[in-house]
Amino acid sequence: MKPGTVIESRFEILVKTGAGAGGWVFMGRDRQSGHSVAVKLLDPHESDFQRFERESALLTEFSHPGIVRYVAHGRIGSRRYLVMEWVEGQTLRERLIHGFTVRESIDVVCRIAEALAAVHERGIVHRDIKPSNIMFPAGLDDQIKLVDFGIARKVGQPSSMTRTGLIIGTPGYMSPEQVLGERHVDARSDVFSLGCILYACLCGRPAFVATHMASTLTAILFFDPARLDLLCPEAPGPIRDLVKRMLAKDPADRPSNAAAVAAELAGVIEVPDSLRRPFQPKVAPYSHQTPLANSFELMTTKTVGDPALRYPNEGAPVFVLASMDEELRGDRSEYDEYHGDEEVEDRAGPVRDIVTHHSGLSAVLADGTFVAMFPAGQSQAEQTIQAANCALELRRMVPLAPMVIGVGDFKPATTVLDRLVESLIEESFRGVLDDPPGTGGDDDTLPIRLDSSLSEFLAEKFDVSQEGKSHYLRPRD
Ligand SMILES: Nc1ncnc2c1ncn2[C@@H]1O[C@H](COP(=O)(O)OP(=O)(O)O)[C@@H](O)[C@H]1O
Ligand SMILES: [Mg+2]
């Protein structure tokens, strides 16, 4: 769309301002009212028209100062457009660069929670609460505007999108239930995302971050972010407690909706002076700068059975990652309508049973990666052997799924996860190139890639071979 184009003889397109997931946002002018408007235009080849219709329909429901105002929507040829009030100002993503004091953090998140409360009140879940979807109107310092209802849903209305379709963009603010690809998420999922925002404002770091999507998703599922009292010692007790509850893995442990969060935030009156911590978007909060032994705890999630099982953080967890897309998706293509986790869950059931049988926790991430985690128990050796035995048993069930094993060695945990994901990607390419490494292997079975830290230990008890710099675990005949 060129600047100068006029839609419906009413909306003049002026400046392109941003590209997002499958579309563009332009600044324009409404000839009828004379006001500036934002025109969101969907790519012509973007097939998810429904999504856009839904976004438009949902926006018409609101009239709240904290929610971007709907003006019009329609289609020009094969393209859909949505016109909203123009918000002159910055996004929270840009504002985070300078950081916020504790007082400012509380006030900002309280405003967002109030706007979100209006959404929740109507039985709608936003599902994409993150810094780039929150705007600060210039000159109105105590206001925010929530934008981007592109994946919002009525509670109980299942998502019909592909798993991957749900995670276009930054996954670092997704809730654990979204990471698991659950179709029915409620207001408490937004509460988790808002908790990530509060954490980011206070600490100047994202609660969850890694290089690869699968590592970030794994961290959301299995790790707690670094302790707030270490990264932001000025945060008063009630705020620390609130962040902890907002970021609870189990939705039942979180405040029930944004209104509850707003009420708690409004009740925090006494706040000490504090620094603004400029945002470092790539710095994992579980880094050397915080005492590692204290910086995260392993959590079980509600997906993994007995909630009473809480593992202490003595040793490091062992991870098995596998790409089982074909095995779990069947012959459905990426662009098919997504008809349910039930289907993926059904197929994943027997695979997950194997992990449970070996005392591990497992999940199918929203990006399709299968993750098994073996929490550190009594003996690191036993736990590692258990993971290796489990991987070998999984191997029998999915002979061609690229698979890796590694141990989180308490350098920043996400570094290890990133390394494992990179190995997994390498192994996937071997699968594609039909070039199983090593000799003596059966062509119908891919060997299991071992992270270097494990190869020596496992070589004593298992069949481990080396190919170039990589080590592999093989089934014994
Ligand atoms: N009403 C608006 N006024 C001004 N800028 C906007 C408006 N809506 C969105 N934007 C800008 O465009 C970006 C993308 O818009 P968004 O609705 O989030 O679409 P996407 O689904 O592509 O993420 C936002 O991050 C923001 O910077
Ligand atoms: Mg957006």
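What percentage of the 477 residues in the chain is buried? Buried residues make up 48%, where buried means 20 or more other C-beta atoms within 10 Å of a residue's own, exposed means 12 or fewer, and partly exposed is in between, with C-beta atoms placed from the backbone. This is a predicted model, in which local features need pLDDT of at least 70, side-chain atom pairs count only at pLDDT 80 or more, and totals for chains, interfaces and linings use all residues. Residues are numbered from 1 along each chain as its sequence is written, while chains are lettered from A and ligands numbered from 1 in the order in which they are written.

View 1. Helices (H or I, at least four residues) and strands (E, at least two) are DSSP runs, numbered from the N terminus. Take the contacts between residues at least 6 apart in sequence: 69% of them join residues at least 24 apart. Here, a contact means that the C-beta atoms of two residues, placed from the backbone, lie within 7 Å.

**View 2. Helix α3 (residues 102-121) packs with helix α9 (residues 258-266).** Their axes sit 7 Å apart at an angle of about 150°; axes are lines fitted to C-alpha atoms, for helices over the stretch in contact, and angles run from 0 to 180 degrees between N-to-C directions. So α3 and α9 are roughly antiparallel (angles over 145 degrees; under 35 is roughly parallel, 65 to 115 roughly perpendicular and the rest oblique). On the α3 side, the residues in the contact include Ile106, Val109 and Leu116, and on the α9 side they include Val261 and Leu265. The contact residues divide into twelve nonpolar, one polar and one charged (Ala, Val, Leu, Ile, Met, Phe, Trp, Tyr, Cys and Pro count as nonpolar, Asp, Glu, Lys and Arg as charged, and the others, Gly among them, as polar). Look along α9 and you'll find Ala258, Ala260, Val261, Ala262 and Leu265 buried. The buried residues of α9 pack against α3, α5 (187-203) and α8 (237-246).

**View 3. Seven strands line up in an open sheet.** Read across the sheet and the order is β13-β14-β12-β15-β16-β18-β17, with mixed pairing; strands pair if DSSP finds at least two bridges between them. β13 (361-364) and β17 (463-467) are the edge strands, each pairing on one side only. From one strand to the next, the twist averages 25°. Helix α15 (residues 452-459) packs on this sheet and touches β15 (403-407), β16, β17 and β18.

View 4. β13 runs antiparallel to strand β14 (residues 369-374), with four bridges between them. Val364 stands opposite Phe370 in β14. Side chains in a regular strand alternate between the two faces of the sheet. In β13, Leu361 and Ala363 point one way, Ser362 and Val364 the other, and all are buried. Four residues lie between the strands of the hairpin, where Gly368 has a positive phi near 95°.

**View 5. Tyr472 in strand β18.** Tyr472 is buried, because 21 other C-beta atoms lie within 10 Å. The C-alpha atoms of Tyr472 and Val404 are separated by 8.8 Å, although these residues are 68 apart along the chain. β18 (residues 470-474) runs antiparallel to β16 (residues 448-450), and three bridges join them.
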